[in-house]
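Dear colleague,

Please find below the structure that I am handing over to you. My findings follow directly after it.

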Amino acid sequence: MSKIFILSGAGLSAESGISTFRDSDGLWENFDVMEVCSTQGWAKDRDKITNFYNARRADLEDKEPNKMHHYLASLEEKYPNEVIHLTQNVDNLCEKAGSKNLVHLHGTLLDLRCEACGFVWEIGYAPQNDDFCYKCQSHNVRHNVVMFGESAPNYRHLYNSLDACEIFIALGTSGQVIDVVPFAKEAEQSIYVNIKREEYVTMFGSFEEYIDTYFTDKVIAPATQAVDELDALIAKYMKS
Ligand SMILES: [Zn+2]
């Protein structure tokens with residue numbers, strides 16, 4: 001039973017130098033973002049997409065967790081079995097910081113997946129290059145990052161995690177891919193941590209009002225500068 005439910009996104013890893021398609025203006029090192037992140041792009045040119053993910057995977061090797069990644073790992077030690085962390089990030093910085101109770105909603109860069117049988121295995125930082133499935137020997141092997149246009153099986157954890165949670169924390173996520181407000185509405189306490197208030201308008205009006213209405217607390221700061229305030233809020237709510 002996890003009392004603390006964290007849902008994180010790109011803002012958690014941004015200060016560690018992990019860039020995202022959202023701040024890339026549609027181009028990511030000369031790759032068209034919609035092409036490399038969609039099932040259409042994958043169907044059109046598998047080698048090109050594989051090269052893109054090989055480069056992202058290699059980029060990760062020298063990246064280090066930041067103060068917030070370390071804080072989240074320490075939270076698991078402070079409150080054993082009471083923290084569940086679901087991340088939209090595909091990097092391994094939480095694991096490098098020592099987190100164990102973590103679910104990657106959109107897959108991870110460090111795994112490959114067999115398209116024939118679904119088997120997933122770790123490739124580490126190495127490039128995918130004529131790899132074949134250990135289980136069924138198929139050569140139809142792909143990166144293990146969820147693309148636009150396909151389902152994300154780990155989304156089932158979103159609803160399970162909410163069931164027992166008392167504190168919901170939206171951390172470094174814009175709320176555009178996964179709407180965070182329905183979770184804030186359900187949890188007893190909810191904390192929104194993000195570098196800025198998103199300015200886009202939702203069907204409910206401005207996102208700012210939307211967040212202000214449903215979250216108990218907001219910490220508007222880059223992740224590493226939000227640690228102390230977040231820690232104080234969690235300590236307060238875990239005591240009460
Ligand atoms: Zn297989």
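In the largest nonpolar core, which has 39 residues, F168, I169 and V193 touch the most other members. A nonpolar core here is a set of buried Ala, Val, Leu, Ile, Met, Phe, Trp, Tyr and Cys residues joined through C-beta atoms within 7 Å. A residue is called buried if 20 or more other C-beta atoms lie within 10 Å of its own, exposed if 12 or fewer do, and partly exposed in between, with C-beta atoms placed from the backbone. Leaving aside neighbours within four places in sequence, F168 is in contact with F5, F183, A184, A187 and S190; contact requires C-beta atoms, placed from the backbone, to lie within 7 Å. Another core, of 5 residues, lies apart from the largest one and includes F31, V36, C37 and I49.

Please note that this is a predicted model, in which local features need pLDDT of at least 70 and side-chain atom pairs count only at pLDDT 80 or more, while totals for chains, interfaces and linings use all residues. Residues are numbered from 1 along each chain as its sequence is written.

As for the overall fold, the protein chain has 10 helices and 13 strands, taken as DSSP runs (helices: H or I, at least four residues; strands: E, at least two) and numbered from the N terminus. Its radius of gyration is 18 Å, close to the 18 Å that the globule rule gives for 240 residues, so the chain is as compact as a globular protein of that length. That radius is taken over C-alpha atoms, and the rule is 2.2 Å times the number of residues to the power 0.38. Of the 240 residues, 37% count as buried.

Helix α4 (residues 46-60) has I49, T50, F52, R56, R57 and L60 as its buried residues. They lie on the same side of α4, because they cover an arc of only 160 degrees around the axis, the arc being that of the directions from the helix axis to the C-beta atoms. These buried residues pack against β3 (31-32), α2 (33-36), α3 (39-44), β6 (107-114) and β8 (141-145).

Finally, G172 is found in the loop between β9 (167-171) and α8 (181-186). G172 counts as buried because it has 23 C-beta neighbours inside 10 Å. Beyond neighbours within four places in sequence, the contacts of G172 include G9, L12, N194 and A223.

Yours sincerely

Definitions and conventions. Contact = placed C-beta atoms within 7 Å.
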